[in-house]
Amino acid sequence: MQFLLSVVHDGPSLADPVEEAAIDEFNDRLRAGGNWVFAGGLGTPDNATVIDNRGKQAVITDGPFLESKEYLAGFWVVEAPSFDVAVKLATEGSEACNRKIEVRPFLDE
């Protein structure tokens with residue numbers, strides 16, 4: 001099963017060098033354990049653009065989709081045999097990046 005581990009952040013700056021080193025070590029553990037699928041860090045919400053093309057004309061808006069103190073700062077896509085294992089990995093990731101992590105399974109198609 002694959003899971004999305006979303007990094008939730010509420011500060012103005014991204015990871016500092018100590019956090020970056022801990023994240024790199026966690027990434028290495030994911031790879032070594034066979035859990036790694038993909039990961040990425042994201043820019044701050046002020047770099048976001050929202051496109052809504054549900055009507056007759058696309059509306060393009062600068063800024064985040066939601067106005068919120070918390071925002072998605074990065075993510076991991078991991079392979080895990082169960083939700084409990086994904087939660088364990090998210091717990092380790094939360095410690096490594098010093099941020100909250102949301103765990104969500106991908107839907108089976």
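Which side chain does the side chain of His 9 make a polar contact with? The legends below start there.

View 1. The side chain of His 9 meets the side chain of Arg 99 in a polar contact of 2.8 Å. A polar contact here is a pair of N or O atoms within 3.5 Å; within protein, one must be able to donate a hydrogen and the other to accept it, and residues adjacent in sequence count only if both atoms are side-chain atoms. This is a predicted model, so local features need pLDDT of at least 70 and side-chain atom pairs count only at pLDDT 80 or more, while totals for chains, interfaces and linings use all residues. Residues are numbered from 1 along each chain as its sequence is written, and side-chain values use heavy atoms, with hydrogens and water left out. His 9 belongs to strand 1, residues 2-9; strands (E, at least two residues) and helices (H or I, at least four) are DSSP runs, numbered from the N terminus. With a relative accessible area of 9%, His 9 is buried, a word that means under 20%, with exposed being over 50% and partly exposed in between (1.4 Å probe, protein chains only). Setting aside neighbours within four places in sequence, His 9 is in contact with Lys 69, Glu 70, Tyr 71, Ala 73 and Arg 99, contact being heavy atoms within 4.5 Å.

**View 2. Ser 6, also in strand 1.** Ser 6 is buried too, at 8% relative accessible area. Not counting residues up to four places away in sequence, Ser 6 touches Leu 72, Gly 74, Phe 75, Lys 100, Ile 101 and Glu 102.

**View 3. The largest nonpolar core.** This core has 18 residues, and Phe 3, Leu 5, Trp 76, Val 78 and Ile 101 have the most contacts inside it. A nonpolar core is a set of buried Ala, Val, Leu, Ile, Met, Phe, Trp, Tyr and Cys residues joined through side-chain atoms within 4.5 Å. Strand 1, helix 1 (17-32), strand 5 (71-79), helix 2 (83-97) and strand 6 (100-105) each give two or more residues to this core. Helix 2 supplies the largest share, five residues. Leaving aside neighbours within four places in sequence, Leu 5 has contacts that include Trp 76, Val 78, Leu 89 and Ile 101.

View 4. At the start of helix 1, a side-chain oxygen of Asp 16 comes to within 3.0 Å of the backbone nitrogen of Val 18. The buried residues are Glu 19, Ile 23, Phe 26, Asn 27 and Leu 30. They sit on the same side of helix 1, because they cover an arc of only 105° around the axis; the arc is that of the directions from the helix axis to the C-beta atoms. Strand 2 (36-41), strand 5 and helix 2 are among what covers them. Turned away from that buried side are the exposed residues Pro 17, Val 18, Glu 25 and Ala 32. After the helix comes Gly 34, with a positive phi near 75°.

View 5. Ala 86, Leu 89, Ala 90, Gly 93, Ala 96 and Cys 97 are the buried residues of helix 2. Seen down the axis, they fall within an arc of 115°, so they line one face of the helix. They pack against strand 1, helix 1, strand 5 and strand 6. On the other side, Asp 84, Lys 88, Thr 91 and Glu 95 are exposed. Just after helix 2, Asn 98 has a positive phi of about 60°.
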